[in-house]
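Trainee: Could you give me a close look at the salt bridges here, and then show me what surrounds them? How many salt bridges does a search of the whole structure find?

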Amino acid sequence: TGSEIWSQDLDAPGDSAPTVAGDLVYVTSRDSRAWAVEVDSGRIRYTVDGTPSSSNFAGGAGAAIAGDLVVFPFPSGEVMAMFRQGGLRRWSSTVSGERDGRAAASVSDISGDPVVDGNRIYVGNQSGRLVALNATNGDRIWTATEGALSPIWPEGGSLFLVNDLNELVRLDSN
């Protein structure tokens, strides 16, 4: 019917479109908090606080699902993997660094949804950094000096992205 089933007050503006997996909805808010909300009732299953950030922008990145983990991106550049059902933290990492001479380099926000490809998670920020992380333990595999304005696209051993200079870039995923 299109009628509202439930609503949930996040105490701050939501960051992006919610991610739905199984019986939970995952979303982050501008105050660096991640939420897991039950699909059927709107009841909060758990929340997770990330590192606060004073420099972020509206419309940040959404959560990604990696097997039994949910990967939350935060406005501070922090990326946190939690067990989906219980909210126990598995690992965390930070995407940091900046492209010299760019005003946006002071914005640490993750600007594209994390992308899961096999056992790798790719995450880019607004200020000139893209990282590949091991999905199991969060270890950094590599860092590229290209920001990503939106989610990257892995295909055939390559990564395609629009970088922080509005250029279409192809990187070798290794």
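Mentor: One term before we start: a strand is a DSSP run of E with at least two residues, and strands are numbered from the N terminus. Leu168, for instance, is found in strand β15, residues 168-172. Keep in mind that this is a predicted model.

Now to your charged pairs. The search turns up 5 salt bridges in the whole structure. Side chains of opposite charge can pair when their charged atoms come close. Start with Arg45, whose side chain meets that of Asp23 at 3.0 Å, N to O. That pair links distant parts of the chain, because Arg45 belongs to strand β4 (residues 44-49) while Asp23 sits in the loop between β1 and β2 (24-29), 22 residues apart. Arg45 also has a salt bridge with Glu38, at 3.2 Å, N to O. Put together, Asp23, Glu38, Arg43 and Arg45 are linked in a network of salt bridges.

How covered are these residues? Buried means under 20% relative accessible area, so Glu38, at 16%, counts as buried. Arg45 is partly exposed at 28%, and Asp23 is partly exposed too, at 36%.

Another salt bridge joins the side chains of Asp11 and Arg33, at 3.8 Å, N to O. Here, too, distant parts of the chain are linked: Asp11 is in the segment before β1 (19-21) and Arg33 is in strand β3 (residues 33-38), 22 residues apart. Asp11 is exposed, with 55% relative accessibility, whereas Arg33 is partly exposed at 23%.

On to the nonpolar surroundings. The largest nonpolar core has 15 residues, and Val71, Trp91 and Val95 are among those with the most contacts inside it. β5 (64-66), β6 (69-73), β7 (78-83), β10 and β11 (130-134) each supply at least two of its residues. A second, separate core has 13 residues, including Leu24 and Met80.

There are also 3 aromatic pairs in the structure. One of them is Tyr122 with Trp142, tilted, at 6.0 Å centre to centre and 40° between the planes. Since Tyr122 lies in strand β10 (residues 120-124) and Trp142 in strand β12 (residues 140-144), the pair ties together parts that are 20 residues apart in sequence. Tyr122 is buried at 2%, and Trp142 is buried at 14%.

Methods
Residues are numbered from 1 along each chain as its sequence is written. This is a predicted model: local features need pLDDT of at least 70, side-chain atom pairs count only at pLDDT 80 or more; totals for chains, interfaces and linings use all residues. Side-chain values use heavy atoms; hydrogens and water are left out. Rings of Phe, Tyr and Trp (its six-membered ring) pair if their centres lie within 6.5 Å; planes under 30 degrees apart count as stacked, over 60 as edge-to-face and the rest as tilted. Helices (H or I, at least four residues) and strands (E, at least two) are DSSP runs, numbered from the N terminus. Buried means under 20% relative accessible area, exposed over 50%, partly exposed in between (1.4 Å probe, protein chains only). A nonpolar core is a set of buried Ala, Val, Leu, Ile, Met, Phe, Trp, Tyr and Cys residues joined through side-chain atoms within 4.5 Å. A salt bridge is a side-chain nitrogen of Lys or Arg within 4 Å of a carboxyl oxygen of Asp or Glu.
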